[in-house]
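Hi,

Here is the structure I promised to pass on.

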Amino acid sequence: MKHLMRRMSPDPQTLKDHKHFRVFGRLLHDPNLWHLNRRSAAGAFAVGLFMMYMPPFGQMLLAATAAIAFRVNLPISVALVFITNPVTIPPMFYFAYLIGAWALGQQVAPFELEFWGEPHNWLSIVSPLALGCLLCAIACSVLGYFSIHLLWRWHVIRHLSRRRARHQRVARGAGVAPGLNTPSSNRQI
């Protein structure tokens, strides 16, 4: 899992040289922003999934700022905001609007282009949309955080059990003295 995430994330030097990230200057040289461990990956997912429900302008900068503030993996945080794109924004934000309207007890406007294209209708949807985006952002970030923790834990347990089985097979086949067939690591999961 760690290798897959490392392979998919952009090169740190590319992000450091990006024109939008130059405002962070020396803050980008913090090694914690580039480490990939369970804490930084889960935190990065929480930050990225939270920021994907923020207004689409400046999501990358918001995600980078939060990643620096919380000292979590910067490339993952920034990459996850691209879940919102021109294809996914309408259904995601309409769902957020539905959640917000439900929470406020307001009547839901139909998903019709004519209604959403009229600027005078926008004032009636701002508060349910803002509340819905906040609720969806919190739900997605919490779900992403705990999902990554569970997936990481599952992966480590599976890796250690495979390694333990491999050591036991080697020990049985080679006639190694008792006690030497245990893995060298007592790492806690």
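Helix H6 (89-104), helix H7 (113-117) and H8 each give at least two residues to the lining of the largest pocket, with H8 supplying the largest share, 7 residues. Helices here are DSSP runs of H or I with at least four residues, strands are E runs of at least two, and both are numbered from the N terminus. By pocket I mean an open set of points on a 1 Å grid over the protein atoms alone, with protein on both sides within 12 Å along at least five of seven lines; lining residues have an atom within 4 Å of a point.

This is a predicted model, where local features need pLDDT of at least 70, side-chain atom pairs count only at pLDDT 80 or more, and totals for chains, interfaces and linings use all residues. Residues are numbered from 1 along each chain as its sequence is written, and side-chain values use heavy atoms, leaving out hydrogens and water.

Back to the pocket: 21 residues line it, and Ile89, Phe93, Trp116, Ile125 and Leu129 lie nearest its centre. That lining splits into 20 nonpolar, no polar and 1 charged (nonpolar: Ala, Val, Leu, Ile, Met, Phe, Trp, Tyr, Cys and Pro; charged: Asp, Glu, Lys and Arg; polar: the others, Gly among them).

As for the whole protein, it has 8 helices and 0 strands. Of its 189 residues, 34% count as buried, meaning under 20% relative accessible area with a 1.4 Å probe and protein chains only; exposed is over 50%, and partly exposed is in between. Val142, found in helix H8 (residues 119-174), counts as partly exposed because its relative accessibility is 41%.

Cheers

How values were computed
On a 1 Å grid over the protein atoms alone, a cavity is a set of points where a 1.4 Å probe fits but cannot get out, and a pocket is an open set with protein on both sides within 12 Å along at least five of seven lines; lining residues have an atom within 4 Å of a point.
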